[in-house]
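Please keep the sequence and the coordinates open while reading.

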Amino acid sequence: RTNALREFASWRSYIQAHRSFNNWNSKLAHIEESFHRSVENVNKASTLPHQNRAYLIQEKDSHRERVTEFVEEMDAITKTMITDILRVLEFDQGWLTDVNVSETSEIQPEYSTGLCAAESKRELAERGKAMGTLLEPGDVKKICLPVLIKIFHHVLITTAKRIESYSESSRLPFEHKNLATNLFKRSLQIADVVADNRYELYRTQTKQQTMELLQKLCDSSKELLRVENTVSVAAD
């Protein structure tokens, strides 16, 4: 029963991570659309006669306020995304991993809600055999987890670049640009999560996937150095 509950909790966290990613993707697209609309309003105001200068200043101030809200919203939804993905990648004793019942702490009661006997691991395996599509948990991990690791890096880098771009174009205070710096740093910490022996995520990666991840981390390092140098020069 304990391992059946763990399996349920594993899939529940995985589904939530994907829902969170879809929500992040949708909101980011909406923010991007709103940002460009706001830029267009400022550009239109700048073409008005000189006597409308007060209106232009008002539009610029409104634009800066809207961009500040966009940046803060992106930071908030990305933090939620990080939390949900790490619930999978840092799942206690490994995602979709059976454990010795005697060594396992009690599973939280809410995880058993809606879990019926038909969803036990044995019966799921029997269904898989009947369909000729039986997959061991190790095979499932190798399908699911590398995708989630790739999504994790994509979310961090995309948000960091977007926040940096918005902050520069609208001349926001340095603390907003520092949000981008922190996200670039966070993207490098993926290496620590993947290499952690408690979760053994490195076992789910093929050689090609590992090389691709290393390249992404290299790109993150370059971006981090570039942003930190920019902030340092601007501060001077």
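Glu200 is partly exposed, with 34% relative accessible area. This residue sits in the loop that links α6 to α7, the latter spanning 207-235. Most residues other than glycine have a negative phi.

Leu96 also has a positive phi, near 55°. Leu96 belongs to the loop between α2 and α3. Buried or exposed, which is Leu96? The relative accessible area of Leu96 is 10%, so this leucine counts as buried. For Glu200 the value of 34% falls between the 20% and 50% cut-offs, so that residue counts as partly exposed.

**Confidence**

The model is predicted. Mean pLDDT for the protein chain is 83, and 81% of the residues reach 70 or more. Among the elements, helix α6 (residues 190-195) has the highest mean pLDDT, 96. Helix α3 (residues 121-131) has the lowest, at 49. Over residues 101-121 the pLDDT is below 50. That stretch still has 26 contacts in the model beyond near neighbours in sequence.

**Overall fold**

How many helices and strands does the protein chain have? There are seven helices and zero strands. Along the sequence the pattern reads α-α-α-α-α-α-α. The protein chain has 236 residues, and buried residues make up 39% of them. Take the contacts between residues at least 6 apart in sequence: 82% of these join residues at least 24 apart.

**The α1 and α2 pair**

Helix α1 covers residues 2-46, and helix α2 covers residues 53-89. Their axes come within 9 Å and cross at roughly 170°. An angle over 145 degrees counts as roughly antiparallel. The two helices are therefore roughly antiparallel to each other. The residues of their contact divide into 19 nonpolar, 10 polar and seven charged.

Arg37 lies in helix α1. At 41% relative accessibility, Arg37 counts as partly exposed. Arg37 is 26 residues from His63 in sequence. In space, C-alpha to C-alpha, Arg37 and His63 are 9.7 Å apart.

Thr68 is in helix α2. The relative accessible area of Thr68 is 18%, so this threonine is buried. Which residues does Thr68 touch, not counting those up to four places away in sequence? They are Leu172 and His176. Thr68 and Leu172 are 104 residues apart in sequence. Their C-alpha atoms are 7.3 Å apart in space.

Glu72 is also found in helix α2. Its relative accessible area is 46%, so Glu72 counts as partly exposed.

| Pair | Separation in sequence | C-alpha to C-alpha distance |
|---|---|---|
| Arg37 and His63 | 26 residues | 9.7 Å |
| Thr68 and Leu172 | 104 residues | 7.3 Å |

**Cysteines**

A disulfide is a covalent bond between the sulfur atoms of two cysteines. How many disulfides does the model have? With a cut-off of 2.5 Å between cysteine sulfur atoms, the count comes to zero. Cys144 has 9% relative accessibility, so Cys144 counts as buried. Cys218, at 34% relative accessibility, counts as partly exposed.

How values were computed
Residues numbered from 1 in each chain as written. Predicted model: local features only at pLDDT ≥ 70, side-chain atom pairs only at ≥ 80, totals over all residues. Heavy atoms only, no water. Axes fitted to C-alpha atoms, helices over the stretch in contact; angles between N-to-C directions. Helix = DSSP H or I, 4+ residues; strand = E, 2+ residues; numbered from the N terminus. Parallel < 35°, antiparallel > 145°, perpendicular 65-115°, else oblique. Nonpolar A, V, L, I, M, F, W, Y, C, P; charged D, E, K, R; others polar. Buried < 20%, exposed > 50% of the residue type's maximum accessible area, 1.4 Å probe, protein only. Contact = heavy atoms within 4.5 Å. pLDDT = per-residue confidence, 0-100.
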